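The sequence and model are shown first, and the description follows.

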Amino acid sequence: MRTALRMEFLKNRHRGLFLTTLMMIAFECAWIYLAFRNPSAQELRIGWMELLYQVPALNSIVFPITAAIIASRLADVEHKGSAWKLLETVQRPQTLFYAKFLCGGWYLVLSVAWLTGSMLFCGYKLGYMGTPDLTKFALFFVFQLAVALEIFVFQLLLSIYIPNQMISLSIGCGGSFLGLLLMFVPIKILQYGLPWGHASLLYLVYMVYWDAETRILELAYLDINWVGFALTACAIVIWLMIGGRMLERKEV
């Protein structure tokens with residue numbers, strides 16, 4: 001596995017994976033700065049909670065697209081070179097799939113860690129009152145990473161199985177907007193049944209009150225949906241098993 005993982009990083013070192021990750025997170029950081037600059041006194045009071053309320057909605061668009069692009073780049077390098085048969089003569093198909101998952105997952109770990117750190121930096125820089133609830137921010141990191149990894153492994157499966165990468169990328173883009181919709185229109189069967197819907201199950205903050213005229217916003221912490229997290233974690237394992245098995249049976 002170590003050799004296979006090393007080979008994935010070497011094969012993809014010039015394919016722009018880090019640059020893709022950097023650009024997507026830079027976009028989110030720019031959005032955070034523009035959206036939260038010049039806070040009012042009320043926003044300074046609830047600033048830490050507002051970050052945890054607003055940023056996941058943006059993540060529901062950005063992370064699925066990032067995951068789809070990374071998965072596409074990891075799979076396309078083999079499709080273009082018709083290298084599946086050659087690779088499967090020197091390593092087990094499951095090992096190849098797991099190595100690609102770990103390679104792409106590393107970039108997602110960097111993405112979520114950088115985003116979480118940027119949120120904390122933003123809060124301190126803007127002078128939010130009190131101290132951030134580090135437990136909540138740690139949960140934010142874990143939950144956002146889990147959802148990103150689930151979507152990534154699903155997209156990786158699609159990208160490997162379907163040679164035309166525009167199809168898997170289109171599914172990823174469509175899924176991202178569906179995930180955003182489910183944030184605000186909670187259709188339970190879709191929230192629990194689709195990978196993009198699981199992000200809406202792992203929200204940490206909800207809106208208690210909003211006055212459009214006075215722009216007064218009140219937020220509160222939600223009870224943690226451990227069932228939703230367990231579902232997401234199990235889905236990652238299931239998709240990994242399915243992906244490895246499908247690659248083994250794939251005609252190359």
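Which residues line the largest cavity?

## The largest cavity

The lining of the largest cavity is formed by Pro 56, Asn 59, Ser 60, Phe 63, Pro 64, Gln 144, Val 147, Ala 148, Ile 151, Trp 196 and Ala 199. Helix H3 (41-81) and helix H6 (134-161) are the elements that give two or more residues to this lining, and H3 gives the most, with five residues. A cavity is a set of points, on a 1 Å grid over the protein atoms alone, where a 1.4 Å probe fits but cannot get out; lining residues have an atom within 4 Å of a point.

The largest cavity holds about 70 Å³ of space, and the structure has two cavities of 30 Å³ or more. Volumes are the space filled by probe spheres set on the points, which are joined across faces, edges and corners. By class, the lining of the largest cavity comprises eight nonpolar, three polar and no charged residues. Here Ala, Val, Leu, Ile, Met, Phe, Trp, Tyr, Cys and Pro count as nonpolar, Asp, Glu, Lys and Arg as charged, and the others, Gly among them, as polar.

## Basis of the model

The model is predicted: local features need pLDDT of at least 70 and side-chain atom pairs count only at pLDDT 80 or more, whereas totals for chains, interfaces and linings use all residues. Residues are numbered from 1 along each chain as its sequence is written, and side-chain values use heavy atoms, with hydrogens and water left out.

## Overall architecture

The chain has nine helices and two strands, in the order α-α-α-α-α-α-α-α-β-β-α along the sequence. Helices (H or I, at least four residues) and strands (E, at least two) are DSSP runs, numbered from the N terminus.

Of the 252 residues, 50% are buried. Buried denotes under 20% relative accessible area, exposed over 50%, and partly exposed the range in between (1.4 Å probe, protein chains only).

## The largest pocket

The largest pocket has a volume of about 340 Å³. A pocket is an open set of grid points with protein on both sides within 12 Å along at least five of seven lines. Its lining consists of 18 residues, of which Met 183, Gln 191, Ser 200, Tyr 203 and Leu 222 lie nearest its centre.

Helix H7 (165-184), helix H8 (188-193) and strand E1 (205-211) each supply at least two residues of this lining. Its classes are 13 nonpolar, three polar and two charged residues.

## Salt bridge

The structure holds one salt bridge, defined as a side-chain nitrogen of Lys or Arg within 4 Å of a carboxyl oxygen of Asp or Glu. The partners are Glu 218 and Arg 45, at 3.0 Å from N to O. Glu 218 belongs to strand E2 (residues 216-221) and Arg 45 to helix H3, so the pair ties together parts 173 residues apart in sequence. Both residues are partly exposed: Glu 218 has a relative accessible area of 28%, and Arg 45 has 42%.

Phe 18, Leu 19, Leu 22, Met 23 and Trp 114 make a nonpolar surface patch of about 510 Å². Helix H2 (residues 17-36) contributes its largest share, four residues. Leu 22 lies in helix H2 and is partly exposed, with a relative accessible area of 32%. Patches are made of residues with over 30% relative accessible area and no salt bridge, with like charges joined within 9 Å and nonpolar side chains (Val, Leu, Ile, Met, Phe, Trp, Tyr) within 5 Å. Accessible areas come from the Shrake-Rupley method with a 1.4 Å probe; for residues, only the protein chains shown count as cover.

Ile 242 is located in helix H9 (residues 226-249) and is partly exposed at 33% relative accessibility. Its C-alpha atom is separated by 9.6 Å from that of Phe 154, 88 residues apart along the chain.
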